[in-house]
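Below are some notes for a colleague who has not looked at this model before. Please read them with the structure open.

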Amino acid sequence: MQSDPIKCLFIIPDKSKNLHFLISGSSGTKYKVTIPVNGKISCSCPDFKHGAKVQECVCKHCLHVIFQVLRVFDLEHTFFSRCYFTPEEVKTVHTIYREHLRKMRRN
Ligand SMILES: [Zn+2]
């Protein structure tokens, strides 16, 4: 398990149906990746604030959520040319989240 030290600890929805992913970074620092209903994904890490946001791309924590937790897009997906979720994709994310919850309850 050395190859991917980033972990998703919790997924927490809020009242407005925004999804918050609590991520433990490689140095143990915790960050929050948010997929709001408007689809503009964000992360609380400095990398996202200074780099990703300016260049309109996403940080490694967002990528972890997309590839490892949700497993929604592959690298060729058009998401990566815009870096926000369309309303349709937000629905997909919520469906995956609910399946995720069901699986966790079963364990
Ligand atoms: Zn980040």
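1. Strand S2 (residues 19-24) and strand S3 (residues 30-35) pair in the antiparallel sense, with six bridges between them. In this pairing Leu-22 sits opposite Lys-32 of S3. Strands and helices here are DSSP runs numbered from the N terminus, a strand being E with at least two residues and a helix being H or I with at least four. Two strands pair if DSSP finds at least two bridges between them.

2. The model is a predicted one: local features need pLDDT of at least 70 and side-chain atom pairs count only at pLDDT 80 or more, while totals for chains, interfaces and linings use all residues. Residues are numbered from 1 along each chain as its sequence is written.

3. S1 and S2 are also antiparallel and are joined by six bridges. Pro-13 faces Leu-19 of S2 across this pairing. The two strands make a hairpin with five residues between them.

4. Taken together, four strands form an open sheet, ordered S1-S2-S3-S4, with antiparallel pairing. Strand S1 (7-13) and strand S4 (42-43) are at the edges and have a single partner strand each, so one side of each has no neighbour in the sheet.

5. Which residues touch the most other members of the largest nonpolar core? They are Val-33, Cys-43 and Cys-62, in a core of 19 residues. S2, S3, helix H2 (60-70) and helix H4 (87-106) each supply at least two residues of this core, and H2 gives the largest share, four residues. A nonpolar core is a set of buried Ala, Val, Leu, Ile, Met, Phe, Trp, Tyr and Cys residues joined through C-beta atoms within 7 Å. A residue is buried if 20 or more other C-beta atoms lie within 10 Å of its own, exposed if 12 or fewer, and partly exposed in between, with C-beta atoms placed from the backbone.

6. Leaving aside residues up to four places away in sequence, Cys-62 touches Val-33, Ile-41 and Cys-43. Contact means that the C-beta atoms of two residues, placed from the backbone, lie within 7 Å.

7. H4 has 20 residues and reaches 29 Å from its first C-alpha to its last, close to the expected 28 Å. The expected span is 1.5 Å times one less than the number of residues. Two of the 20 residues of H4 are buried, so the helix lies largely in the open.

8. Two backbone angles deserve a look. Most residues other than glycine have a negative phi. Lys-17, in the loop between S1 and S2, has a positive phi of about 65°. It has 11 C-beta neighbours inside 10 Å and so counts as exposed. Cys-83, in the loop between helix H3 (79-82) and H4, likewise has a positive phi, near 65°. Cys-83 has 16 C-beta neighbours inside 10 Å and therefore counts as partly exposed.

9. For the chain as a whole, the order along the sequence is β-β-β-β-α-α-α-α. Its radius of gyration is 13 Å, close to the 13 Å that the globule rule gives for 107 residues, so the chain is as compact as a globular protein of that length. The radius is taken over C-alpha atoms, and the rule is 2.2 Å times the number of residues to the power 0.38. Buried residues make up 21% of the 107 residues.
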